[in-house]
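Subject: Structure for you to look over

Dear colleague,

Here is the structure I said I would pass on. My notes on it follow below.

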Amino acid sequence: GDELPEAAPEAPEDWRSCGVEEVVAHARDTDQFGLAALQYALGVSEEDLYTETNISELDVLPIKYLFRSYDEMPTIERRAMDLCQGRVLDIGCGAGTHALHLQEARGLPVTALDNSAACLRAAQLTGVKDVALADFFGFEGEPYDTLLMLMNGAGICGTLANIDRLMAKFQRLLAPGGQILLDSSDLIYMYDRDLDG
């Protein structure tokens, strides 16, 4: 029904002052995605991520993909990077590849938001300066000129039943004249198991 995607379990309140070992220990039990990103950023593992859901088969995500450069990004992501302006909120930033490009190559002020302390620590290790640990719907920040949600960012909505809640949150976070740049995936192909659709 109307359930939102489950947020990652709470990180230690003082995650910024925790040593990397504490963040890794927390992620090991609660955040495999963040753990993989952090271990890659630390140079201790290049192990790929394997995902499988009740609507998809086993899939492999090379961990290096989370740390790709602008030139390695798909066309839609490069276009979004080019369209960003003013203060940017990178929602669901993961390892921070988009935030890092906007900060370094474009000189834009960017806040990288994620609910994974391990991902945010990985983003910091790569050079992202401003990170915020929070669930998107619980995040309170100053208005932004660009809200950026890439890599199936619209999926944060969960279901269409939550679209009003999502739009209300956008309205609270978006500065006058601001823009929302997001992408999503059409998952209908996952339900079409036979050749005839």
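Which strands are included in what covers the buried residues of H6? E3, strand E6 (144-149) and strand E7 (174-182) are among them. Please keep in mind throughout that this is a predicted model.

Helix H6

H6 spans residues 163-173, and its buried residues are Leu166, Lys169, Phe170 and Leu173. Viewed down the helix axis, the buried residues of H6 fall within an arc of 105°, so they line one face of the helix. Asp164, Gln171 and Arg172, on the other side of H6, are exposed.

Lys169 deserves a separate entry. This lysine lies in H6 and has 0% relative accessibility, which places it among the buried residues. Beyond its neighbours within four places in sequence, Lys169 is in contact with Phe136, Phe137, Gly138, Phe139 and Glu140.

Overall make-up and confidence

The chain has six helices and seven strands. In sequence order they give the pattern α-α-β-β-α-β-α-β-α-β-β-α-β. Of the 197 residues, 40% are buried. The accessible surface is about 11100 Å², and carbon and sulfur atoms account for 50% of that. If contacts between residues at least 6 apart in sequence are taken, 62% of them join residues at least 24 apart.

The mean pLDDT of the chain is 84, and 80% of the residues score at least 70. Helix H1 (residues 20-30) has the lowest confidence, with a mean of 69, while H4 has the highest, at 98. Over residues 1-9 pLDDT stays under 50, and the model has 20 contacts beyond four places in sequence for that stretch.

E4 covers residues 110-114, and five of its five residues are buried. Both of its faces are covered: Val110, Ala112 and Asp114 are buried on one side, and Thr111 and Leu113 are buried on the other.

E4 pairs with strand E3 (residues 88-91) through four bridges, and the two run parallel. In this pairing Ile91 stands opposite Leu113 of E4. Between E3 and E4 the chain passes through helix H4 (residues 97-104), in a β-α-β crossover that is right-handed.

E4 also pairs with strand E5 (residues 131-133), in the parallel sense and over three bridges. Here Ala112 is opposite Val131 of E5.

Is Val128, with a relative accessible area of 4%, buried or exposed? Val128 is in the loop between H5 and E5, and at 4% relative accessible area it is buried, because the cut-off for buried is under 20%. Its contacts, leaving aside neighbours within four places in sequence, are Gly96, Ala99, Leu100, Gln103, Ala112 and Ala123. Val128 and Gln103 are 25 residues apart along the chain, and their C-alpha atoms are separated by 7.4 Å.

Strand E1 (residues 49-53) pairs with strand E2 (residues 56-61) in the antiparallel sense, over four bridges. These two strands form a hairpin with two residues between them. Thr53 has Ser56, in E2, as its bridge partner.

Helix H2 runs over residues 32-42 and includes Ala36. The relative accessible area of Ala36 is 14%, and this residue is buried. Outside the four places on either side in sequence, Ala36 is in contact with Leu49 and Ile63. The C-alpha atoms of Ala36 and Asp48 are separated by 7.8 Å, with the two residues 12 apart along the chain.

Best regards

Key
Residues are numbered from 1 along each chain as its sequence is written. This is a predicted model: local features need pLDDT of at least 70, side-chain atom pairs count only at pLDDT 80 or more; totals for chains, interfaces and linings use all residues. Side-chain values use heavy atoms; hydrogens and water are left out. Buried means under 20% relative accessible area, exposed over 50%, partly exposed in between (1.4 Å probe, protein chains only). Two strands pair if DSSP finds at least two bridges between them. A crossover is right-handed if, with the strands pointing away from the viewer, the path from the first strand over the helix to the second runs clockwise. The arc is that of the directions from the helix axis to the C-beta atoms. Contact means heavy atoms within 4.5 Å. Accessible areas come from the Shrake-Rupley method with a 1.4 Å probe; for residues, only the protein chains shown count as cover. pLDDT is the predictor's confidence in each residue, from 0 to 100.
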